[in-house]
Amino acid sequence: MSIQENNQLLRFTTAGSVDDGKSTLIGRLLYDSKSIFEDQIEAVKTSSEKKGFDYVDLSLLTDGLKSEREQGITIDVAYRYFATPKRKFIIADTPGHIQYTRNMVTGASTANLAIILIDARKGLLEQTYRHSFIASLLKIPHLMVCVNKMDLVDYSEEVYNKIVSDYQAFSSKMDIKDVQFVPISALKGDNVVERSENMPWYEGSTLLYHLENVHIASDFNHVDCRFPVQMVIRPHTLENQDFRGYAGRIDGGIFKPGDEVTVLPSGFNSKVKTVELNGEQIDEAYAPMSVTMTLEDEIDISRGDMIVRRNNQPKVDQDLEVMVCWMNQRPLHNRTKLVLKHTTKEAQAMVKAIQYKVDVNTLHRIEDVDEIKMNDIARVSIRSAQPMFFDSYRKNRLTGSLILVDPNTNETVGAGMII
Amino acid sequence: MGSYYLPHLKELEAEAIFVIREVVSQFEKPALLFSGGKDSIVLSHLAKKAFYPAKIPFPLIHIDTGHNFPETIKFRDDLVENLGVQLIVGSVQESIDKGRVREETGVNASRNALQTVTLLDTLEDHKIDAAMGGARRDEEKARAKERFFSHRDEFGQWDPKNQRPELWNLFNGRKHHGEHFRVFPISNWTEMDVWQYILQERIELPSLYFSHERDCIVRDGVILANSEFIQLKPNEEVKKMVVRYRTCGDMPITGAVLSEADTLELIIEEVATTRTTERGTRADDKRGETAMEDRKKQGYF
């Protein structure tokens, strides 16, 4: 294995139910990319034999979730890692049943790509719609539809083409930029890492090839400059008496020394003096870099403020229209009081109206609801006690997202995407 | 317009620095748990970068079992001096002397389990409300679901059923009085990422990580350094061996591996091949490493 230090990081999510082969697919990716220790493979072989299987059950490699189910522990997002010489991958592995919508949303929030699994024998199911809807709602930039279990439909081109056209007919109604399809058998390994000899009619690339080559450099917003201030760095040392740096992570755009900027909420103007990290100057800083910025003028800036370009500013408002995924046992009602966390800013907030709820299986709107339960997705109007600086989630996933916290229990109870 | 993307080590670094800065912003009295191992050394390097030119605005906490490699202690003291940071040492020996814990006896006696009490006492004594550690999700199955911000109740316990969902880069550190958080800024790093980062940043490591000759014994297939903390069994003999350590724990329980790798480049090559092919033939070192991991699960990290 060659050692590459300059490869990119791709985060992807897999949502799936018990029988659609999700665990087998992840096991196959880990196994065929040689990310599994020998002793782990031995353990899986032994346990497959013990169960009387004819083949090595790769799904056992990601067995955590199954044992949890038996023990009745909350089924959750599990993160898994593998690398090839081209890229490093982080998988957010989430269960796909409707009662785990909140976990799918959590896994999807940081993903560049979502894998949607379709059983070739069954075609599009309710859960296909649900997973695709969540991927589009969370604006995952890339979708990889894997038509799995091709070995059980005699590697039939017709079956595959039918599923692809059914999916295209449905996905055209959703907001997804990049959808790719691949016929696979996770169990047999067809088109996962190795090209399948059983499907000569398929001229596209393997799943892993897609994962290694999908263009992700523009998944972040590099147009609209947004720098939420995390903290102010003041060393108070003799050699750095006057240093005043603004630490934070760039959420959008490209910042350079000399840029004319405005600080929100004060509205003061200044110029970027330096962008640096650890004393090293950075010529161009962009998302998702963590940097320390200094300005030409001494301005009173604190955590929660946002540095932006003078001629390109976010919305500033106390009223927000938000698609919310509710994540807590206690339902959400009108006039519920919450703490809203957005970028590095925190504010008291209240639900002013529940507009409608979305049926995540049919995408239909359900009007006149007065309660949002756990795993529901709904459009709500929220008013915050202070003005927030935000973009639509469509424009920027970082400045367009927020979480809602219960001020009594301190739990994270909701995830919101600003419309 | 050029291509604006970060190489993976830069992205992981940016994420970790963001998390460390969130901790300082959201908590009253954070600290960094320093074990002397490579992961916590990387963590202190990241902390230095996060606040430069200011000094790291929180103390390092080291739980000293009294059974450390002398190299670890020396390295710790040098690092603390270089960083100009406060060091808090929680002493297991003191916990034993105070009667808070009782020392194990016998040939395989170790101070593994005892550290948890010392750690929790130290956090309480210093009113630490966020303790950062270098644990990673790729270390083992249960850790695969650990959060960056991991909530602990007033007894310092972790309730896997009651973890907060974490979305985007929004971390919720709100808590009630008496509760605290464990925070893991390098959650998303793998062992390979850590080594590559050490190489890229030229981070100094204790000499234990590099190949050296040492007096060792082999016990239950694990290579252990001979030291005053080890009681030899009748059939055990001390041999000179060329070894290095993959983790840095207590002398009596940390297994070494036979290795000629004496540079970072060679270690990375070794880690890479170990991952793909060598692993099966190294049941010994695997066992040694699990012993180390179990210690972590019980509460050190």
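Predicted model: local features only at pLDDT ≥ 70, side-chain atom pairs only at ≥ 80, totals over all residues.
Local features require pLDDT of at least 70 and side-chain atom pairs count only at pLDDT 80 or more, whereas totals for chains, interfaces and linings use all residues. Residues are numbered from 1 along each chain as its sequence is written, with chains lettered from A and ligands numbered from 1 in the order in which they are written.

Chain A is assigned domain 1 (8-213), domain 2 (226-309) and domain 3 (315-418), the bounds coming from an automatic or database domain assignment. The C-alpha centres of domain 2 and domain 3 of chain A are 29 Å apart. Between these domains, 13 residues of domain 2 are in contact with 9 residues of domain 3 (C-beta atoms, placed from the backbone, within 7 Å). On the domain 2 side, strand β7 (residues 226-233) of chain A gives the most, with 4 residues; strands (E, at least two residues) and helices (H or I, at least four) are DSSP runs, numbered from the N terminus.

In chain B, 6 strands form an open sheet of mixed pairing in the order β3-β2-β1-β4-β6-β5, where pairing requires at least two DSSP bridges between two strands. The edge strands of chain B, β3 (87-91) and β5 (149-152), each pair on one side only. Strands β1 (residues 30-33) and β2 (residues 60-64) of chain B run parallel and are joined by 2 bridges, with B:L32 standing opposite B:L60. Helix α1 (residues 8-26) of chain B packs on the sheet and touches β1, β4 (130-132) and β6 (180-183) of chain B. The direction of helix α1 makes about 160 degrees with that of β4(B); axes are lines fitted to C-alpha atoms, for helices over the stretch in contact, and angles run from 0 to 180 degrees between N-to-C directions.

Key. Contact = placed C-beta atoms within 7 Å.
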